[in-house]
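Walk through this structure with the model open beside you.

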Amino acid sequence: AIGLYNIGQTCCLNSVLQVFLMNIHFTGILRRITVPPCAAWKKKNVPYQMLLLLEEMQRGKQKAVSPIDLASCLSAYRVKLFVQHDAAQLFLTLWNLIKRQMKKPELVEDLSYLYTICVQEHLACQKCSFETKRNSSMLTLPLPVLDSNSHMLKSLEDCLQYFFHPEELTDHNMCFCEQCGRKTPFLQSMKLVHLPQTLTIHLKRFCFEKSAYIHKLSHYLPFPQDLDFSAVLTENQYQPGDNEKAAWQYELFAVVAHSGSTSCGHYCAYIRSLTECKWYCFNDSEVRQVSWDDVKCTYGHSKLHWGETAYLLIYMKKHPQ
């Protein structure tokens, strides 16, 4: 477990990178990339720069290494340096850059299978039998931490159930029904179809208020070490394929935590080593072994302004196919 030096407001980048590089399923794909043929292309290739950083970290000669070459590479793709980033957005940006620059189709397929969530969106007219179904994919489950009445949801399981709960579209939210020929009330629902080996959950702790001010929600929200989706969701909320029905049991792999406010904050990552099964806290260049009780301190507390609050939860499938 090697740290990454903060080269100027790069705590967010460092935390997201550690989650990628401590995932042996991801690094297994990274090691199979095609090396760019010339020096200029190598400097601008994100997967290659990540591989170089991984190899430098695994030499283990220092307590921390500098991600300056990778950060410079990312700046060529409008990932700004020396500014505060949002970890959820940065994860999506990094993942898409990695996918776009992996030349081998089989690696792109493996990367997608490792991270991509598949859901089925369902719309049903409440006046007639007309309905539409559409499959779509996402890289994170963006879970609200408040319900529609702005009440705090009390656990991760509550957030999941709320996210997949059917919603009535009425009044100004009505949809046009092809069969009725006019706008009618619809019932909108979503079902889980496929869950990946590495599941990223985004707790939507940052929200807009009426004044357009971004407010952080730091309230207490516990999350489990072990998560079984078939026990949390109802049969109407998930529709796994036949080969997946018994494979939706997950174990927590990492937590990207945020402390401070929206305008002045800091990120660190708690990661469970897949080879040692020990938890570590990656706080830029400082890496230390921690306990599960330390990880639970990221559940949140509305009175602790600078307390660490879980923002991204990364779960790993227990029984990979």
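Two strands pair if DSSP finds at least two bridges between them. Strands themselves (E, at least two residues) and helices (H or I, at least four) are DSSP runs, numbered from the N terminus. With that in hand, S259 stands opposite H266 in strand 15.

This is a predicted model, in which local features need pLDDT of at least 70, side-chain atom pairs count only at pLDDT 80 or more, and totals for chains, interfaces and linings use all residues. Residues are numbered from 1 along each chain as its sequence is written, and side-chain values use heavy atoms, with hydrogens and water left out.

Strand 14 and strand 15 (residues 265-272) run antiparallel and share 7 bridges. The two strands form a hairpin, with 4 residues between them. Strand 14 also pairs with strand 18, again antiparallel, through 8 bridges. There, A254 faces I314 of strand 18. Strand 13 (residues 226-228) is another antiparallel partner of strand 14, joined by 3 bridges. In that pairing D226 lies opposite E251. In general, strands of a sheet pair through backbone hydrogen bonds, either parallel or antiparallel.

Angles here run from 0 to 180 degrees between N-to-C directions, and axes are lines fitted to C-alpha atoms, for helices over the stretch in contact. L169 has F186 of strand 9 as its bridge partner.

Helices come next. Helix 1 (residues 11-21) is mostly covered, with 11 of its 11 residues buried. Among them are C11, L13, V16 and F20.

Two packed helices are described by the angle between their axes and the distance between the axes. The axes of helix 4 (residues 46-59) and helix 6 (residues 87-101) come within 8 Å and cross at roughly 105 degrees. Angles under 35 degrees count as roughly parallel, over 145 as roughly antiparallel, 65 to 115 as roughly perpendicular and the rest as oblique. Helix 4 and helix 6 are therefore roughly perpendicular. Contact means heavy atoms within 4.5 Å. Helix 4 contributes V46, P47 and M50, and helix 6 contributes L94, L97, I98 and Q101. By class, this contact has 6 nonpolar, 1 polar and no charged residues. In this scheme Ala, Val, Leu, Ile, Met, Phe, Trp, Tyr, Cys and Pro count as nonpolar, Asp, Glu, Lys and Arg as charged, and the others, Gly among them, as polar.

Helix 6 also packs on helix 7 (residues 105-115), at about 155 degrees and with the axes 10 Å apart. These two helices are therefore roughly antiparallel to each other. The contact uses F91, W95, I98 and K99 from helix 6, with V108, L111, S112 and Y115 from helix 7. Its residues divide into 6 nonpolar, 1 polar and 1 charged.

Two single residues follow. S218 sits in the loop between strand 12 (214-216) and strand 13. Its relative accessibility is 14%, so S218 counts as buried. Beyond its neighbours within four places in sequence, S218 is in contact with R205, G300, H301, S302 and T309. H319 lies in the segment after strand 18 (309-317). At 46% relative accessibility, H319 counts as partly exposed.

Finally, step back to the whole protein. It has 10 helices and 18 strands. Buried residues make up 48% of its 321 residues. Its C-alpha atoms fill a box of roughly 65 × 50 × 40 Å along the principal axes. Among contacts between residues at least 6 apart in sequence, 66% join residues at least 24 apart.

Conventions:
Buried means under 20% relative accessible area, exposed over 50%, partly exposed in between (1.4 Å probe, protein chains only).
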